[in-house]
Amino acid sequence: MIAIYIVGFFVLLIGLGVFFGAPYVPSRRQDLQRMFDTLYPLSADDVLFDAGSGDGIILREASRRGAKAVGYEINPLFWAISKYLSKNYKGVRIKLANFWVEPLPNDTTVVYVFAVSRDGKRVVKKMTAERERLGRPLTVICYGSPLPGVAPAKTYEAYHLYVF
């Protein structure tokens, strides 16, 4: 009987992410390394924000490159995993939060988002509102589906870079 509750708990946790945002799709470190080398070389002046940071691999790669990194994760299980795996990385912060309702940190310079086609318009609306709130351009790296109605400044494989 306890096994049923445990399985149900994990199904609920995974379902939260799918219902409120994109499903968890793990990124491969070597793909991220090539993407950052090609599309947007991070520097110590950057603060990367990851919307739905999952296991935190993007945050850790940003830290390896000297940037600060902030992730919001809505799923408590992935938040805990990310906190644990990132505990020894300088400049990494992970918040249990919903990207759609929380503002970006004020010092954000680049946003990383995994987008499925159903969320594209919401991402564009959110990034436009954040650019207005912050009063400066925002660089957005989108993995997955291209954002509708916005031309990417650069593309590398399935990664698209936008400037809002």
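This short talk goes through the core, the aromatic rings, the salt bridges and one surface patch of the structure above.

A word on the model first. It is a predicted model, in which local features need pLDDT of at least 70 and side-chain atom pairs count only at pLDDT 80 or more, while totals for chains, interfaces and linings use all residues. Residues are numbered from 1 along each chain as its sequence is written, and side-chain values use heavy atoms, with hydrogens and water left out.

I start with the core. The largest nonpolar core has 22 residues. A nonpolar core here is a set of buried Ala, Val, Leu, Ile, Met, Phe, Trp, Tyr and Cys residues joined through side-chain atoms within 4.5 Å. Buried means under 20% relative accessible area, exposed means over 50%, and partly exposed is in between, with a 1.4 Å probe and protein chains only. Phe49, Met127 and Leu147 have the most contacts inside this core. Two or more residues each come from strand S1 (47-51), strand S2 (68-73), strand S4 (110-115), helix H5 (120-134) and strand S5 (139-144). Helices (H or I, at least four residues) and strands (E, at least two) are DSSP runs, numbered from the N terminus. H5 gives the largest share of the core, 4 residues.

Next, the rings. There are 6 aromatic pairs in the structure. Rings of Phe, Tyr and Trp (its six-membered ring) pair if their centres lie within 6.5 Å; planes under 30 degrees apart count as stacked, over 60 as edge-to-face, and the rest as tilted.

The rule is NZ of Lys or CZ of Arg within 6 Å of the ring centre and within 35 degrees of the ring normal. Arginine 122 lies over the face of tryptophan 100, 3.9 Å from the ring centre. Lysine 126 has its charged end over the ring of phenylalanine 99, at 5.3 Å from the centre.

Side chains of opposite charge can pair when their charged atoms come close. The cut-off is a side-chain nitrogen of Lys or Arg within 4 Å of a carboxyl oxygen of Asp or Glu, and the count comes to 11 salt bridges.

Which residue does lysine 126 meet in a salt bridge? The partner is glutamate 130, at 3.8 Å, N to O. Both lie in helix H5, 4 residues apart, about one turn of the helix. Lysine 126 is buried at 10% relative accessible area, and glutamate 130 is buried at 6%. Glutamate 130 also forms a salt bridge with arginine 133, with the closest N and O atoms 2.8 Å apart. Arginine 133 is partly exposed, at 41%.

Elsewhere, Arg29, Asp37, Glu61, Arg64 and Arg65 are linked in a network of salt bridges.

Last, the surface. Ile81, Tyr84 and Leu85 form a nonpolar patch with about 290 Å² of accessible area together. Leucine 85 lies in helix H4 (residues 76-85) and is partly exposed, at 39% relative accessible area. Patch residues have over 30% relative accessible area and no salt bridge; like charges are joined within 9 Å, nonpolar side chains (Val, Leu, Ile, Met, Phe, Trp, Tyr) within 5 Å. Accessible areas come from the Shrake-Rupley method with a 1.4 Å probe, and for residues only the protein chains shown count as cover.
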